[in-house]
Structure formats: C-alpha cells, structure tokens
Amino acid sequence: MTDITMQIETPTETPEIPVDQERGSLTQGQLIWRRFLKNRLAVAGGIVILLFYVIMVVFPGFFGTYNYNTQREDAIYAPPQLPQWRDEEGKFHLRPFVYGLETELDFASFEWVHIVDKSKKYPVYFITRGEEYRLFGLFRTNIHLFGVEPPGTFFLFGTDDLGRDLFSRVLQGGQISLTVGLVGVILTIILGSVLGTISGYYGGVMDNIIQRIVELMMSFPDIPLWAALAAALPPEWSPAKTFFAISVILSLRNWTGLARQVRAKVLAYREEDYAVAAQAMGASDRRIILIHMLPNAASHIIVIATLSIPGMILAETSLSFLGLGIQPPIVSWGVLLQQAQQVSVVLERPWLLLPGFFVVLAVLSFNFLGDGIRDAADPYSN
Amino acid sequence: MTAFIGRRLVSMVFTMVLVSIVGFIIINLPPGTYLDVYRAQLMVQGTSTADQQIQALEKRYALDKPVYYQYVKWISGFVRGDFGRSFQYNREVKELVWNRMGFTVVVSIASLLFSWLIALPIGIYSATHKYSFGDNIFTFFSFIGLSVPSFLVALVLMVVSSRVFGASVGGLFSRAYQDAPWSWAKFVDFLQHLWIPVIVVGMSGTAGLVRMMRGNLLDILNMQYVQTARAKGLSENIVIYKHAVRNALHPLVMSLGMSLPGIISGSTVVSIVLSLPTTGPLYFNALRSQDMFLAGTFLVFMAVMLVVGNFLADIALAVVDPRIRYE
C-alpha cells in the first residue's frame, strides 16, 4: 500500500520543454511581484506604509524631537517652527536653523502669545542628544534624529494645549494607530480563516452555527456596534489592556466578511480533483486543509486583510476622537484630533489638524497597496 | 416567489430575536447601571431620601430582578412600541428619539440622494472612459474620499466656511431661528445649513459607490451580450444604458438596503462634530452615561433596520434580476 502511495507522490518526469522566453520560467510568486511593481500607485503606497512603520512603530522616540509627554508651560499652543535655510539678509546656511520663540502673556485675553524672535537663531543638529525616551519600551536613551540646543526650541508641528510637541506626539500616536489596525487584522485573519475553513470543509451543524453567528454579527451596523462595545470597556483598565480590547472589538465584526469568503473558497476547492485525490490517498483533514486549501486561499486572505486595515485605522481614529477608544495618556491619531474638536480652536490653531493628514496618508496608502495586491494576485487580470 | 418571501420572513424574525438578545447583552455589559451614577448624584446633593428613591426606581425598571426578566419586560414593550424611559432625560425613549427623527431622516435622505446622483454618472463615465484623463482624476478623488475620516471633512469644511463666509456653522439653524416657528425665512436658513452635513455625510458614500459602479460596469462591458448588442448595430447609448448599466445596478441594490440603518442613525460622528440635532449624538450620550434603555433601543432598532433593509434588498433583487433563483 505504501509503495503505491510513494509512486503516486513522486512527480513524473516531465520532458524538457525548451523555454523560449524568461516569462515561462517564472514562478507564480514572481509573476505576482512583477505585476505588482507595474502598479506605481501601489508601490508608492507600499513605500509610504513601510516608512510609516519604521519611523512611527519601531523608532518614534528617535525620529521625534522631544519626549511626547513633556509639558511646557511656556510653550502652550506654540505655532509650528519651520527650519530656515536663508536668513533675513538672504544669506544661505547649509545647516538649517530655527528662530527663537518669545512667549508673552497677552493681558487683554489672558492667553500666551508667541512671537518669532528673529535675532536668535538656533542651528539644527542631527543625531543629537535631547530628552530621554525608551527605545522599544525597554532601553533608556536620549539620541534623536534632529534637535536644537536649549534654550532654543524646535516644534516642527507646533504644540498642544499643554505645550507638548505635536510632531513627537504624531509619531507616537502613529505607533498606536498603526498597530491597532495590524493587531486587529491578525485577529481577523485567524478568526476568519479558521472559522471559514471549518464552516466550508466540514459543513453540517458547525457550518450552520457559524453562518448564523456571522449573520448575527453582520446585522449590527459597524460604528454603533463598535461604540457600544467600546463604551462597555471598564475605565479602570490599564491603557495597554484597553488598546488590546479595542483591537479585539474592531476585529469582532471584521472577521465575518473574511469567514464568508474563505468558506466559499473552501467549498469550491473541496470539489476540485486534487482535494478528492488527496482524500482518496488517505490524507488527514488537517493535511488537506493546511497543505492543499489554505495556501490556495492565501492570496485571497492577504488581499482582504490589507483592504480591511484602513477601515480599522479609520474606526479607531473616529472612536478615539469621540473619547470612546484609546484613552490618554496613551496617544493615537484620534486622541490627538480630540484637541481639534472645536472649530473656534482650530480657526486659531490650524496645526492641530495635522494628525488628520497622517491618518489620510496612511489610509490612502493602505488602499492603494491593497488594490495593487488584489490586481497582482489575480492571475486573470492583465 | 411567495415561498421565497415566506422563508426569508421566518429567518428574518429569527435573526431579529437573536439581535435583540445580543443587543441587550451588549448594553448591559458595563458594570453598574445608570442608577449608580444617579445615586452618586443624590449623595452629592445630600438628599436624605436617596435610598428610597433609588429603590423605587429599581422596582419601576425591574432592575432588582434577574437579567432575563428585564429582557423579557423590555422586549415585550418593544413589540408594543413602548421602549422604556431614559434615565438621563427622564422622558420616554420613544418621545426623545421621535423628536430628533425628522431632521435625521431629512439629512440622511438628502445625503443619500446626493451621493447617488453624483456617484452613478461618475461611475458610468469612469467605466466607459477607462484609464482616460477624467477616469484617472475621478479614481484619484474617490480614493481620497475613501481615505478621509468624515469628521475631518466636517471640521475642515467648517473652518473653511467660517473663514470664507464668516458665518457660524454647525447645527441646522442660525441662532435667530433656533426656536422660531417654521416660516419661509427659517426654511431658507435651514437649507443654508443643510449643505455642509449633506456633503460631508454623502462624500464617503459617494467614493465607495463610484468605485463599485465603475467595477460592476467594467465587468458587464466585457460580457458577450454587450458585444452582441454592439454587433447588432445598436447605438452606443442604448448598449450602455439599456444593456449594461441596468445590469450593473444590481449589486448596488444590495448596498441601498444596507444603508437603511444609516437613515435613522444619521452619521453619528459627523453629527457630533457639526452639532446636528439628530439621533446619532443622542445614542452616543446614552452610551456614555449608561442610559441603557435609550442606548439599547437605538442599537437594536438600527440592527433591525439593517435586517429589514437586507430583506427588502433581497426581494428587490429577486424582482429586478430574473436570473436569481429563489432556492
């Protein structure tokens, strides 16, 4: 018996076919990669995403100018300070500098006003020592990509209501906002592919139960459901716990779509000759699912996953913006945008909207990337 | 067909019951109830009869009874149109929701119309002029539209309009007309305020619709019957509008059904930013203050609308698309 199986499993020798063009010798993966590279928007999206993850998720402290939580009473709502290369006499400086910032109390409105002091110039140094932060949350270090010597300040994006540097906060917020989507998507993939496979492969009662659960979850509109679940999180939970819970909540409704698609795929594959053959040869269910079915559905799963990350980022931003998501002192883009909730505040301090620009950029890039992967992974597309 | 509708009806009712149970559980998830908040308030005020008051309330809402009893009491009222009372506002849930329903429906339907009227022609143009300059522009903007959170659009539009027009924005009326009775001037004022929410709420929907319409139509234009129609010598307009567009609309019927709950909820996030008198902010406040009857009613109501919307869409699809089998 084993002999026969062995014989069937060894691939029969195919006669040498002369390959007249390179294309014929490419693997499926290489073909996908080629098609993907042709889509310039998708490649650009991929590069932006990669940069975002390196800068914000891995090294936000290093790329940020200050510690994101340092409060400065003398720099409340300071406007952005742009690096200058040309001074007022028109002389060009190779090393950029920023002008000093004078803070005065306006006795009419009792608000701090910031005046650019052009007599003071602070050169911008690269790879410099500044405020302390923790690398990967573990090692204490104080090396930043760029900064100026005190008493000069360098607020690239200005500061918020407590005088915290917005640029450093945007990077730190990106760490949370981008990770929420990633963790949520991993959970979505696990739940969706496992339950979808079980549902499609075994059918019967399990299929029925899983499909009813999917239907039930799909019966709730997403934002109201997320808001209700997020509101149920106990306020005494630690920020890390809340963060994880938000990811779980977001994936709780998202896996249903994936489960449906995976089920449909598995149902189709089950009838394919290779699956029937594997079964006839006595392969276990586990082997058939893991070796024959999931790899086939993999490109599909990856596409859906990539396309669902932007939705999660947007959802987290909206929830946090409304105060139901990530809670301060942890920052996310949504938390930062809370400061911009009132039009009167934004009118005077438009830089508070800058985190929104990063949300748009991240989501846009993910959309382009996902679209590109989808087109590239489809063997029938041109 | 009748058997199909009957079967769908039965499964719909079944789903609704499950939805109401799950909705009730979700709303009851937070530890404590509104009464705890209320008790704290009474304590601060130093009311001596606090305990008695709380007990009376507990009895009235059956909060001292087990959860399943509360659920049965609530859901049996639900069927009769009695949704319980809001703790926070101390008014009937029905009354509260009803007060805001009018504006919500007006804003939602206006933005729905807006997005369909804009999206369909653009989608058709994009598909029939694939990869042309115009298509690329529209594609680019629809990607942007999909990527910008709607509250951000609302904020930016408000900032821009108050910079340009210098007028106060947000809300649906100027302060002068806030409590005035309806008149022509108030109506004009209302229309002047309506366009911002309509654009903002409509925009994200528009982008998605354009993508969908374009994709569907592109698929259909590759079909053989389109080729046949052209080969018969029909004019391009008839080929596109009579043969292709009609069939490309079918998947959109489904999405119309799914937008039904949006009509009564409005866009929660946008409504809060624009301070619109719609149901979205009401639901949101109820969630935060654990006003469970208000929040629960609303959540379940929206889910029911979605289930009904899907049901209607299924039937509409079965009517317009003869290829659909009722099995």
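The C-alpha centres of domain 1 and domain 2 of chain A lie 38 Å apart, with domain bounds taken from an automatic or database domain assignment. Domain 1 of chain A covers 63-164 and domain 2 covers 169-377. This is a predicted model, where local features need pLDDT of at least 70 and side-chain atom pairs count only at pLDDT 80 or more, while totals for chains, interfaces and linings use all residues. Residues are numbered from 1 along each chain as its sequence is written, and chains are lettered from A and ligands numbered from 1 in the order in which they are written.

**Domains**

- Where the two domains of chain A meet, domain 1 puts in 12 residues and domain 2 puts in 11 residues; two residues are in contact if their C-beta atoms, placed from the backbone, lie within 7 Å.
- On the domain 1 side of that contact in chain A, you'll find 6 nonpolar, 3 polar and 3 charged residues. Here Ala, Val, Leu, Ile, Met, Phe, Trp, Tyr, Cys and Pro count as nonpolar, Asp, Glu, Lys and Arg as charged, and the others, Gly among them, as polar.

**Chain A overall**

- Chain A has 13 helices and 5 strands, counted as DSSP runs numbered from the N terminus (helices H or I, at least four residues; strands E, at least two).
- The radius of gyration of chain A, taken over C-alpha atoms, is 27 Å, well over the 21 Å from the globule rule for 382 residues (2.2 Å times the number of residues to the power 0.38), so chain A is more spread out than a compact globule.
- Along the principal axes, the C-alpha atoms of chain A fill a box of roughly 90 × 55 × 40 Å.
- Of its 382 residues, 38% count as buried, meaning 20 or more other C-beta atoms, placed from the backbone, lie within 10 Å of the residue's own.

- Strands β2(A) (residues 92-106) and β3(A) run antiparallel, joined by 10 bridges; strands pair if DSSP finds at least two bridges between them.
- One of the bridge pairs is A:Y99 with A:K121 in β3(A).
- The hairpin has 4 residues between its strands, and A:F110 in the turn has a positive phi of about 55 degrees.
- β3(A) (residues 111-123) lies largely in the open, because 0 of its 13 residues are buried.

**Chain A against chain B**

- The contact draws 31 residues from chain A and 38 residues from chain B.
- On the chain A side, α13(A) gives the most, with 7 residues.
- That side of chain A divides into 25 nonpolar, 5 polar and 1 charged.

How values were computed:
Buried ≥ 20, exposed ≤ 12 C-beta atoms within 10 Å, placed from the backbone.
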